[in-house]
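Hi,

Here is the structure I promised to pass on. My notes follow below it.

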Amino acid sequence: MRTRAHQNARAAVTPPAILDRLRAADPRRYVVYAGFALIMVVFSITLRDSGFLTTPNLVHIVQQTAPITVMAVGLVLVLTAGEIDLSIGSVVALSALVAGVMLRDYDSMPLAVAASLAVGAGVGLFNGLFVTRVRVPSFLVTLATLGLVAGLARVMTNLQSVPITHEYFNGLFGSGSMAGISTLVLWSAAAVAVGHYVYRHTRFGAHVLAVGDNARAARVSGVKVERVKVAVLVISGLCAALAGLLYAGRLHGATYTLGETDMLTVIAAVIVGGNRLFGGSGTVVGALVGSLVMGVLNNGLILGGLSVSQQMIARGVIILVAVALTLREEKA
Amino acid sequence: MSTTATPSAAPALRLDRIRKEFGGVVAVENFSLDIHPGQIVALVGDNGAGKSTIVKIVSGVHHPTSGSIALHGDQVHFPDASAARGHGIEVVYQDLALADMQPVYMNMFLGRELVTGPLRRLDKKRMASQTQALVDELDVRIPSARATIRELSGGQRQGVAIARATHWATSLVLMDEPTAALGVAETARAEQLMRQLRERGRAILLVSHNLDQVFRVADRIAVLRRGAQIGVRETAKTTHNEIVSMITGLQPADEA
Ligand SMILES: Nc1ncnc2c1ncn2[C@@H]1O[C@H](COP(=O)(O)OP(=O)(O)OP(=O)(O)O)[C@@H](O)[C@H]1O
Ligand SMILES: [Mg+2]
């Protein structure tokens, strides 16, 4: 083994990549997958009679978590770059409402989708410029925009819900299916696939990692650090807007409370999924698993007949355990 | 950028009467120096003498208040660090400007990643194999080009930083106290790398407080004191004592 690797090195051939990958692999990521498997097994047994392990229920879980998954993909990029985005929860509501109003007033899906995404990108751009130009930490900037955007969502329709009757919209972003697969599942899969590709296989992804790892090193290497930070916040805003469309499509309507509690769920999903809170490394696939963990927990606790307050407590405890397990590595 | 210029041609780097003020403070005044390809010139002087300022001017981080920079005979002006890099100038920093959690090959190619195909997918395979070939050639002993920086020792990291400079610097490598954080054996390895760079025809400007090191590797020694150029000596024709007295001010500046 050793001699072979040595010969390879001498001959300037890439050493066996798989060995390196295994060695460099982050054990935290396996904790996530093992934990996910464990939760599935426990619920499968304890909730056998409540229909946990039926195809409709499992598809239901994936559908329910679609907005969380989409936002988690964006947040992985943001956290990796060493920033955070707390504004996503309220962007969900505003973008959903904008889509609803556009559909109501103009009956044009492209216009509604474009306006909604523009809201997300706009908030992200605002966050990004504030962070990079005014040099306020993203924690504070996005905390402020969280409130600001939530306020806009409230005044926009005077706290009124907007029903959406556009069938094609509701199908594409909610209850529809393509080739027998729920569009919500497809949106999740697409977000994760694109996110993963961008993260692991593009120059932009490499720059995001470098910026969160060592911004100075990135800068002296010619990486446009500020531009990367703005970009990840814009992407996060776009993901939140897409999440808003998914809620609007699924619920056939929009209201200012959409996404209200999502910010914490998304952060929990991303961290439980084995991502670092402090930048420089991360995993999009892990975030998907983290998001599914959140969905399964939700579903299992409801099927298990826990009251809302009991669910909150149980979820809190489980997240604490998961985060403790995934962050343990940091201290080593 | 031609690196095949004959040795007697214009110097790789010529600094002509460089002056730099920060507000009212004069950090460097009237500094002139030539470095030819295949030469190591050491820049020595006490703390605050202006050594790093000169490195930053040549690497495009600072702009000189007056004076000029020429590379291979052509006057240049660097609006920023990328411009200097574009002219084949690389910097090796004391505090290792490396991204710790990324693999060696990504650090080697950071900002200049190789991509392939219509989707411009990162060509990790090619980056890793080129990195492996380079570290093997320079005999930088690291476990693998795919190892993350944080798994490496300080010496291995500096080896990576110097290998990176070797790879990208077509004309000039600036080193600001590159071995200040290294142990004896690791310092020796880094000095070996500097000699290899010299053999490859690169010009090297080495900032160091370690006079033994300066005498081991440099061809010429330039002395700065409080921003003023005291003199330049051929290593073979000077002594520790002379350099020390130039640094400390016991010996007056050469007539300009
Ligand atoms: N960005 C800056 N703004 C203002 N003054 C500066 C700046 N950079 C350097 N100086 C001043 O210029 C002078 C030279 O500093 P420089 O860092 O070049 O010294 P040095 O020779 O590298 O010292 P050391 O050996 O301690 O690294 C010092 O007086 C320093 O305070
Ligand atoms: Mg210095």
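A polar contact here is a pair of N or O atoms within 3.5 Å; within protein, one must be able to donate a hydrogen and the other to accept it, and residues adjacent in sequence count only if both atoms are side-chain atoms. This is a predicted model, where local features need pLDDT of at least 70 and side-chain atom pairs count only at pLDDT 80 or more, while totals for chains, interfaces and linings use all residues. Residues are numbered from 1 along each chain as written, chains are lettered from A and ligands numbered from 1 in the order written, and side-chain values use heavy atoms, without hydrogens and water.

B:E113 and A:R203 are joined through their side chains by a polar contact of 2.8 Å. A polar side-chain atom of B:E113 also lies 2.9 Å from the backbone nitrogen of B:G111. B:E113 is buried, at 6% relative accessible area (buried is under 20%, with a 1.4 Å probe and protein chains only).

Now to ligand 1. An oxygen atom of the ligand is 2.8 Å from a side-chain N or O atom of B:N47, and one lies 2.7 Å from a polar side-chain atom of B:S52. The protein covers 61% of the 630 Å² of accessible area that ligand 1 has on its own (Shrake-Rupley method, 1.4 Å probe).

Helix α1(B) gives the most to the shell around ligand 1, three residues (helices are DSSP runs of H or I, at least four residues). Six of the eight residues of this helix, 51–58, are buried, so the rest of the structure largely encloses it.

Best wishes

Technical notes. Buried < 20%, exposed > 50% of the residue type's maximum accessible area, 1.4 Å probe, protein only. Helix = DSSP H or I, 4+ residues; strand = E, 2+ residues; numbered from the N terminus.
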